[in-house]
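This report describes selected features of one structure. The sequence and model are shown first, and the description follows.

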Amino acid sequence: MTVVAIVAGVLLAAAALLTAYRILSGPNTLDRVVGIDSLMAIAASGLAVWAAYSDDTAVLPAITALALVGFLGSAAVTRFRVRDDR
C-alpha cells in the first residue's frame, strides 16, 4: 500500500505542477478557470489518497467541500465572465 500511495502522490504532484503552469500561462480566463478547477480536483484526489493511506475518514467532509467549492466557483466564473476579445 505504501508504494501505491507514493506513486499516486508523485503523479498527483506532477499533475499539480503541470496544471499550475497552465494556470500561469493560459491565454484567456477560461483556460485559467479550467486549470483552477483541475487543481481543486487534484487536491481532492490527494486528500483521498491520504485518507486511503492513513485509514482516516475525517478528511472526507473536506473532500466533499473541495469538490463543491471547485464546481460552484467554476460555474460562477463561467456564468459572469467578461469576454477577452477586444
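## Basis of the description

Helices are DSSP runs of H or I with at least four residues, numbered from the N terminus. On that basis, M1 is found in the segment before α1, the helix that covers 2-25. The model is predicted.

## Packing of α2 and α3

Helix α2 spans residues 29-54 and helix α3 spans residues 60-80. The two pack at an angle of about 175°, and their axes lie 9 Å apart. The helices α2 and α3 are therefore roughly antiparallel, since angles over 145 degrees are classed in this way.

On the α2 side, the residues that meet α3 are L30, V33, D37, M40, A43, A44, L47 and A48. Their counterparts in α3 are A62, I63, L66, V69, G70, F71, S74, V77 and T78.

## A glycine in α2

G46 is placed in helix α2. With a relative accessible area of 28%, G46 is partly exposed, because this class lies between the 20% limit for buried residues and the 50% limit for exposed ones. The C-alpha atom of G46 is separated by 9.6 Å from that of A5, and these residues are 41 residues apart along the chain.

## The salt bridge

How many salt bridges does the structure hold? It holds one, formed by R22 with D31. The closest N and O atoms of this pair are 3.3 Å apart, and the cut-off for a salt bridge is 4 Å.

Both partners have some accessible area: R22 counts as partly exposed at 40% relative accessibility, and D31 counts as partly exposed at 23%.

Most residues other than glycine have a negative phi.

The place of D55 is in the loop between α2 and α3. D55 counts as exposed because its relative accessibility is 69%, and the class of exposed residues begins over 50%.

Conventions:
Residues are numbered from 1 along each chain as its sequence is written. This is a predicted model: local features need pLDDT of at least 70, side-chain atom pairs count only at pLDDT 80 or more; totals for chains, interfaces and linings use all residues. Side-chain values use heavy atoms; hydrogens and water are left out. Axes are lines fitted to C-alpha atoms, for helices over the stretch in contact, and angles run from 0 to 180 degrees between N-to-C directions. Angles under 35 degrees count as roughly parallel, over 145 as roughly antiparallel, 65 to 115 as roughly perpendicular and the rest as oblique. Contact means heavy atoms within 4.5 Å. Buried means under 20% relative accessible area, exposed over 50%, partly exposed in between (1.4 Å probe, protein chains only). A salt bridge is a side-chain nitrogen of Lys or Arg within 4 Å of a carboxyl oxygen of Asp or Glu.
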